[in-house]
Amino acid sequence: MKADFDTPVERRGTGSYKWDTPGNSDVLPMWVADMDFRTAPCIVDALRDRVGHGVFGYTKVGREYYDAVTGWFASRHGWRIDPDHIIYTSGVVPAISAILQALTLPGDMVITQTPAYNCFFSSIRNSGCQLAENPLRYEDGRYTIDFDDLERKAAEPRARILLLCNPHNPSGRVWTADELRRIGDICLRHRLTVIADEIHCEFTSPGFAYTPFASLSPELARITAACISPSKAFNIAGLQIASIVAADPGMRERIDRAININEVCDVNPFGPVATMAAYSQAGAQWLDELRSYLHGNYLAVTDYFARHLPDYRVAPLEGTYLVWIDITPSGLDADMLARRLLHEQRLMLSPGSIYGDSRFLRLNIACPRSRVDDALRRIEAVLNGL
């Protein structure tokens with residue numbers, strides 16, 4: 001049966017970070033990156049069976065988990081992962097923080113492309129490292145990598161890590177294989193390790209393809225710690241499960257030690273069960289239907305802006321479900337406009353300032369089309385009232 005993404009699901013009062021944070025029932029929250037859709041029925045069924053057992057003790061992750069992860073990435077993305085290269089943990093952000101602590105010393109430089117996912121900044125800071133920004137070029141409404149600047153930053157004596165977001169949040173870029181190879185060449189020349197946050201890998205728009213960074217060559221695999229999870233694609237972030245893939249045994253040993261030191265080495269009973277169900281034929285079919293629906297939401301956004309707000313640019317959404325809106329014509333910075341949207345129209349969006357660029361707002365379109373339409377009307381009411 002075809003998945004139903006149109007029927008709204010009431011999330012208020014469920015302890016939802018996204019919906020219960022605003023505190024008022026008239027606020028439409030389209031900020032934090034989780035979806036308003038029920039997860040795939042095959043996951044619900046698998047979890048229901050597990051709950052029926054009634055005992056939820058300490059969890060041993062079995063070989064079938066590794067088989068599910070490796071089988072999915074081989075068939076779906078052409079990336080053949082050695083199961084012995086996988087370390088499971090409770091989430092991608094804890095994984096990034098643990099990897100930084102494993103592979104850096106206080107004062108080391110960590111390079112990342114900005115604007116960047118806001119947790120990158122806190123993870124780098126909390127690890128005692130120094131952020132080195134490699135600002136993306138924004139030209140004609142599209143982002144590209146400044147490779148000359150990346151080369152300069154990588155050549156710094158204290159540069160140790162490139163923290164790569166692939167696909168990129170919040171710009172919506174899906175890096176091409178050629179772009180990733182150029183990044184890899186720079187990192188190999190300057191002996192940088194790459195932490196690849198690939199949590200949004202399942203969300204690519206028609207005509208775009210995700211390339212796992214570590215899949216490009218054995219040399220790049222040896223310098224990469226990739227962070228993957230079904231949490232975004234299947235809306236199961238609350239089940240707290242992710243995997244780190246590190247081919248180099250020395251790197252993997254240091255990461256494993258940090259995972260244990262930081263006590264993020266244990267997972268709950270439901271994460272592995274949900275992962276195995278997600279990475280199945282039924283999960284793949286549901287995901288394909290979801291991707292098509294999300295692309296329709298994006299087209300609805302671009303069509304609305306073209307008709308009602310033609311002075312404002314929407315960045316091309318090659319990947320993720322997070323629309324990046326250029327608010328420069330408003331004359332306001334992101335914090336001011338986000339406050340006005342919340343105060344005047346009860347719409348909660350993420351200001352681009354938290355990602356490093358106050359010219360933008362981020363709109364989460366992973367919700368029923370009716371909510372997207374509602375949000376667009378609220379945005380228009382504020383922008384046309386300036």
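User: Why are helix 6 and helix 7 called roughly parallel to each other?

Analyst: Their axes cross at roughly 20°, and angles under 35 degrees count as roughly parallel (over 145 is roughly antiparallel, 65 to 115 roughly perpendicular, and the rest oblique). Helix 6 and helix 7 are therefore roughly parallel to each other. Such an angle runs from 0 to 180 degrees between N-to-C directions, with axes fitted as lines to C-alpha atoms, for helices over the stretch in contact. Please keep in mind that this is a predicted model, in which local features need pLDDT of at least 70 and side-chain atom pairs count only at pLDDT 80 or more, while totals for chains, interfaces and linings use all residues. Residues are numbered from 1 along each chain as its sequence is written, and side-chain values use heavy atoms, leaving out hydrogens and water.

User: How is the crossing of helix 2 and helix 11 described, left-handed or right-handed?

Analyst: It is right-handed. A crossing is right-handed if the near helix is turned clockwise from the far one by less than a right angle, and left-handed if anticlockwise. Helix 2 and helix 11 pack at an angle of about 145°, their axes 8 Å apart. Among the residues in contact are Ile43 and Leu47 of helix 2 and Phe270 and Val273 of helix 11. By class, this contact has 10 nonpolar, no polar and 1 charged residues.

User: And which way does helix 3 pass helix 11?

Analyst: Helix 3 passes helix 11 in a left-handed crossing. The contact includes Tyr65 and Trp72 of helix 3 and Pro272 and Met276 of helix 11. Its residues divide into 7 nonpolar, 1 polar and 1 charged.

User: What makes strand 2 and strand 4 edge strands?

Analyst: Strand 2 (86–89) and strand 4 (130–135) each pair on one side only. They belong to an open sheet of 7 strands in the order 2-10-9-8-7-3-4, with mixed pairing.

User: How do you know that strand 3 and strand 7 pair?

Analyst: Two strands pair if DSSP finds at least two bridges between them. Strand 3 (residues 109–114) and strand 7 (residues 159–165) have 4 bridges, in the parallel sense, so they meet that requirement. Ile111 stands opposite Leu162 in strand 7.

User: Why is the aromatic pair of Tyr17 and Trp31 called tilted?

Analyst: Rings of Phe, Tyr and Trp (its six-membered ring) pair if their centres lie within 6.5 Å, and planes under 30 degrees apart count as stacked, over 60 as edge-to-face and the rest as tilted. The structure holds 20 aromatic pairs. Tyr17 and Trp31 lie 5.4 Å centre to centre with 40° between the planes, which makes the pair tilted. Tyr17 is in helix 1 (residues 17–20), and Trp31 is in the loop between strand 1 (28–29) and helix 2 (41–53).

Note on methods:
Helix = DSSP H or I, 4+ residues; strand = E, 2+ residues; numbered from the N terminus. Contact = heavy atoms within 4.5 Å. Nonpolar A, V, L, I, M, F, W, Y, C, P; charged D, E, K, R; others polar.
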